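I opened my notebook to keep a careful record of what I looked up in this structure. The entries follow in the order in which I turned to each part.

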Amino acid sequence: MKELKHLNKYFSKYKTHLIIGGIITVAARIFLLYTPRYVKRIFVAIERYDEAKITSDVFKTELTQAIIWIIGAALIAGVLTFFMRQTIINVSRYIEFDLKNEIYEQYQKLSLNFYKNNRTGDLMNRITEDVGRVRMYAGPAIMYSINTVALFVVALIYMFKAAPTLAMYTILPLPILSVIIYKLSREIHNRSTIVQEYLSKLSTFTQESFSGISVIKAYGIEGQTSSNFNSLALESKEKQVNLAKVQAWFFPMMILLIGTSNLLVIYFGGMQYINGEIESIGTIAEFIIYVNMLTWPVATVGWVTSIVQQAEASQKRINQFLKLEPEIKNTVETATEITGDITFTNVSFTYDDTNIQALKGVSFNVKQGETLAILGKTGSGKSTILDLIGRLYDIDSGAIAINDTNIEKHNLYTLRDNIGYVPQDAFLFSDSIKNNIKFGKEDATDEDVIEAAKNAQVHKNIKKFSNGYDTVLGERGITLSGGQKQRVSIARAIIKSPKILLFDDCLSAVDTETEEKILKNLNKISKGKTSIIVSHRVSSAKNATKIIVLDDGKIVQEGTHESLINQDGYYKDLYLKQISEGSSK
Ligand SMILES: Nc1ncnc2c1ncn2[C@@H]1O[C@H](COP(=O)(O)OP(=O)(O)OP(=O)(O)O)[C@@H](O)[C@H]1O
């Protein structure tokens, strides 16, 4: 129960609901237990009438009173049971909601490394499946526990008052029942975990084959994919059948044990009645009802134990993530000023997971209003520089300063708020084009969106879609071409009008003519802002204030376009290659 202590703050938050729920539960059980006692009274009345100890009128009155009590108590117990669920089960839904939000917020805070080290499926599972299991503890488990304890205590008091020896015999099989149900529940849980694993394998497989359907068709491997699916589905079916086998034991066991308890009551009750140890045959009827009423709650002891164990395991998995401290910490609470002067001094950085040293002593400076272009072979560290400016990772040595203040001394949120970042792989959400652009600035007007799209040279394309800016992208909507995606992503960055614009090879999928137009627009809108353009094309870099060329994490060339084309090296070679390619087209 150590891990489940995390939920105490929520229990305390909803304590009023829980206390009321508890009181209602106890009251409902008290009313429920009126039935066996009044059934006994009916039997006693019949016996006394039979023995002519009471008149027909008295008998009728007693019978009517008992029936009214039974119906009335059952109705009240029913209404109270409804409110019992409404309070306690609702609390479990509130806790589920709070816990999901807590986990989601924590996920948002954690750094990129966390996402690299954990699989998306696992993250999703903890926020859905695991929270679901914890909810079973916070709601049903607590409700059934109060229910069982209340029913048991009240019933035992009545039973021992009515016939102590018979009460002993009656409750004998109940612990056995509880242990059997516990064992069955555990086995059911183990097998259903395996079934869940197979279901998620199956859905991952199906999802991937649908996403990659064009590749599957192009390679003509539909048959092979179907047979892979078939074998996975076959294994999944076997696991389901295994689960069904254990589940099939549940009710027969219950029926067997209820039957045994009933037989014990009838046998020992009958003996005691014959020996005159109990006053009426009605006591046997009363006890049979008790046995049937107690069986389910006792069975739930085993079930609840297994729920608590599952919840403990799930909460442990949740706590593992909740206790993680984000690697990138915001150390400054108040907003700091960002102007756009960026200085790298001897910066080195190694990726933890791959141990690749992506930057080795990199130093450069770019002033507010200037444009820096970064070129270099693939894997030379260009994107890493951009990631470090946004503090997606913290550096190992050296220093990065923004307007002379170390980047770690800036408020992290102000810093990121002042950056417009266009990543290498433009990611667009399954939402309208308008919302995808507005993602950069939530309060942007339609005019702002159009303006940004025009500057990113994508307005004309968007206008051609029948729904224009309301066209939905992604799974539910249309797919944009690589170049269109890049331009929507550029519009999203520039709509923010940030102090620093970072473009990570984001013009690679557009033709040189469109590239030229976008660069011209960017030049216009980035007045007074700092821009860093990562590219493999000289055409993107030639107008930059400064160009640096990276090779294996080090700056190997630095200068302006004019100076670099007159210098032997990567830049000049690239320039010559690209103009010869251009002229041969
Ligand atoms: N997220 C990451 N985790 C681990 N290693 C990484 C990560 N990103 C990049 N690397 C490694 O760091 C080195 C520099 O990568 P980076 O993406 O900065 O290069 P790049 O110059 O932008 O390449 P490209 O032109 O192909 O985009 C590469 O060797 C790469 O394998």
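Entry 1, helix H15. I looked just past the end of H15 and found that Gln 457 takes a positive phi of about 60°; helices here are DSSP runs of H or I with at least four residues, strands are runs of E with at least two, and both are numbered from the N terminus. I noted that this is a predicted model, in which local features need pLDDT of at least 70 and side-chain atom pairs count only at pLDDT 80 or more, while totals for chains, interfaces and linings use all residues. Residues are numbered from 1 along each chain as its sequence is written.

Which residues of H15 are buried? In this helix, residues 446–455, they are Val 449, Ala 452, Ala 453 and Asn 455. Seen down the axis of H15, the buried residues fall within an arc of 160°, so they line one face of the helix; the arc is that of the directions from the helix axis to the C-beta atoms. On the other side of H15, I found Asp 446 and Glu 447 exposed. A residue counts as buried if 20 or more other C-beta atoms lie within 10 Å of its own, as exposed if 12 or fewer do, and as partly exposed in between, with C-beta atoms placed from the backbone. I then saw that the buried residues of H15 pack against helices H14 (433–438), H16 (459–464), H17 (482–494) and H18 (512–525), where contact means C-beta atoms, placed from the backbone, within 7 Å.

I listed 15 residues around the ligand, the closest being Tyr 351, Thr 378, Lys 382, Ser 383 and Thr 384; a residue is near a molecule if its C-beta atom, placed from the backbone, lies within 6 Å of it. Helix H12 (residues 382–389) gives the most to this shell, with 3 residues.

I found Asn 228 in helix H10 (residues 222–274). Is Asn 228 buried or partly exposed? Asn 228 is partly exposed, because 13 other C-beta atoms lie within 10 Å.

The domain assignment, which is automatic or from a database, gives domain 1 (3–322) and domain 2 (426–497). I noted that 51 Å separate their centres, taken over C-alpha atoms.

Key
Contact = placed C-beta atoms within 7 Å.
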